[in-house]
Amino acid sequence: MKHFCPLPFSHMEVDPVGDMKPCCMYKGKALDNQGKPGSALTHGFSDVFNGEWYKELRRKMLADEPDDGCRSCYAEEANGIQSRRLRELALNYPKFQTDEGLLISLDIKLGNVCNLTCIICNPFSSSRVLEEEIKLGIGYGTNGRKAPKSLYERFKWYNNDEFWAQLENHLGSLGRIDIMGGEPMLAKKHFVFLQRLIDAGHAGHIGINYVTNGTIYSPEVIQNLYKNFESVYITLSADAIGSTYEYARHPARWEQFLGNLRRYKSHGHAMTISYSVSAYSLFGIFDALDFYLAEGGVTVWFNIVYNEDRNIQLLPQALKEKFMEQLKLRYKPEWESIFMKSDLNSLINYMNQEHTYESSWPAFCKRTAILDNNRGNNLLEAVPEFQGYYENKL
Ligand code: SF4
């Protein structure tokens, strides 16, 4: 099947502003039966998941027809990249035969409150990036744009009790919840939801996957809540290590991150490092793989950053070649015990699929210089490979 995907039958993403859709890769929003966006701020879970829009998408999937919202997956597959659709198809889903949904996994992004301004992040995933872009007049804040009050209200979608009340009707089949932010450890309301899952007797068949920036560690939550769930999987977002990590994840501190990683490990949680591969972090891959191999107890997942002004397609050709040379010299087969070689091949395919230096390098340099000047950072110290190619001209 060329277009079928199990996620429209079994999954829901609620993004940081409460928009609901079949997965994080989907372009567009689910609609309610009146044709309006299905928002967790104003709708219950079933209003959308059992609605006509979702059913129509499921009928398309059963007929193996393409859907325009799934174009990112089709494009990745055409370029030899393992799309989310392909990764999901490899999993053990029931055989879906009708347009009815069966909730198996849920991906909830709890607003945008965050304590970091990661260089690859966006205003919808970090309140501090939103503040910074408005202050500097870049990104969201271009042309003096300010965030309306309604946007801040949408970031608090998780206060809509009707959403959670309707969700309770789907908990029997639920097997996994991905909890993200913002920084989820700062969204205390979700701990109430976890407690309700425990009280209703569902925690034992649900695994939780946190994606956290690793700067906050709460021993009480671990001891009182997590032990009730079938499993708790912690994904820590971290690009590169040491001072390059600190540059990419400003103003996080590497030693604090490392201490928290080791505390999580000491509780026996399965751990993954989500490494966002951008122009800033490409050259940090080798040291990071060496480090995590020696550290033990973690796997590394490379996640490609696509933004035009920071992705790896914009690098000068000479830097792309330098990366490939370093890869040849430094590659260790032992790395394959902590990462998927196909992830590395995917990012190399992506890097070489287009060369956007001419169109995107100036925007990368300008944004980098503005952010460096504001944060007191220096790209050339964090990524010395840029010496001779990049200059802060502001
Ligand atoms: S095909 Fe891709 S975009 Fe569409 S629902 Fe599946 S994973 Fe999401």
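Two strands are said to pair if DSSP finds at least two bridges between them. In this predicted model, strand β7 (residues 270–277) and β8 meet that condition, for they pair in the parallel sense over 6 bridges.

An open sheet is formed by 8 strands with mixed pairing, and their order is β2-β1-β3-β4-β5-β6-β7-β8. At the edges stand β2 (20–21) and β8 (299–304), each of which pairs on one side only.

Strand β1 (residues 11–14) is joined to strand β3 (residues 105–109) by 4 bridges, and the two run parallel. Here Met12 stands opposite Leu106 in β3. With β2, in contrast, β1 pairs in the antiparallel sense, over 2 bridges, and Glu13 has Lys21 of β2 as its bridge partner. The hairpin of β1 and β2 has 5 residues between the strands, and in it Gly18 takes a positive phi near 90°.

Helix α13 (residues 285–295) has Ile285, Ala288, Leu289 and Tyr292 as buried residues. Seen down the axis of α13, these buried residues fall within an arc of 95°, so they line one face of the helix. Just after the helix, Gly296 takes a positive phi of about 75°.

Leaving aside neighbours within four places in sequence, Ala288 is in contact with Ala240, Ile241, Tyr275 and Val300. The largest nonpolar core holds 95 residues, and among these Ala288, Val300 and Ile312 touch the most other members. In soluble globular proteins, nonpolar side chains tend to be buried together.

A quite separate example is Lys189, placed in helix α9 (residues 189–199). Is Lys189 buried or exposed? Lys189 counts as exposed because it has 12 C-beta neighbours inside 10 Å, and a residue is called exposed if that number is 12 or fewer. Not counting residues up to four places away in sequence, Lys189 touches Tyr158 and Asn159. Lys189 and Leu110 are 79 residues apart along the chain, while 8.9 Å separates their C-alpha atoms.

Finally, there is the ligand. Of the 13 residues around the ligand, Cys5, Cys23, Cys70, Cys73 and Arg85 come nearest. The elements giving two or more residues to this shell are α1 (7–10), α4 (71–78) and α5 (84–89). The largest share, 3 residues, comes from α5. By type, the residues of the shell divide into 9 nonpolar, 1 polar and 3 charged.

How values were computed: Residues are numbered from 1 along each chain as its sequence is written. This is a predicted model: local features need pLDDT of at least 70, side-chain atom pairs count only at pLDDT 80 or more; totals for chains, interfaces and linings use all residues. A residue is near a molecule or strand if its C-beta atom, placed from the backbone, lies within 6 Å of it. Ala, Val, Leu, Ile, Met, Phe, Trp, Tyr, Cys and Pro count as nonpolar, Asp, Glu, Lys and Arg as charged, and the others, Gly among them, as polar. A residue is buried if 20 or more other C-beta atoms lie within 10 Å of its own, exposed if 12 or fewer, and partly exposed in between; C-beta atoms are placed from the backbone. The arc is that of the directions from the helix axis to the C-beta atoms. A nonpolar core is a set of buried Ala, Val, Leu, Ile, Met, Phe, Trp, Tyr and Cys residues joined through C-beta atoms within 7 Å. Two residues are in contact if their C-beta atoms, placed from the backbone, lie within 7 Å.
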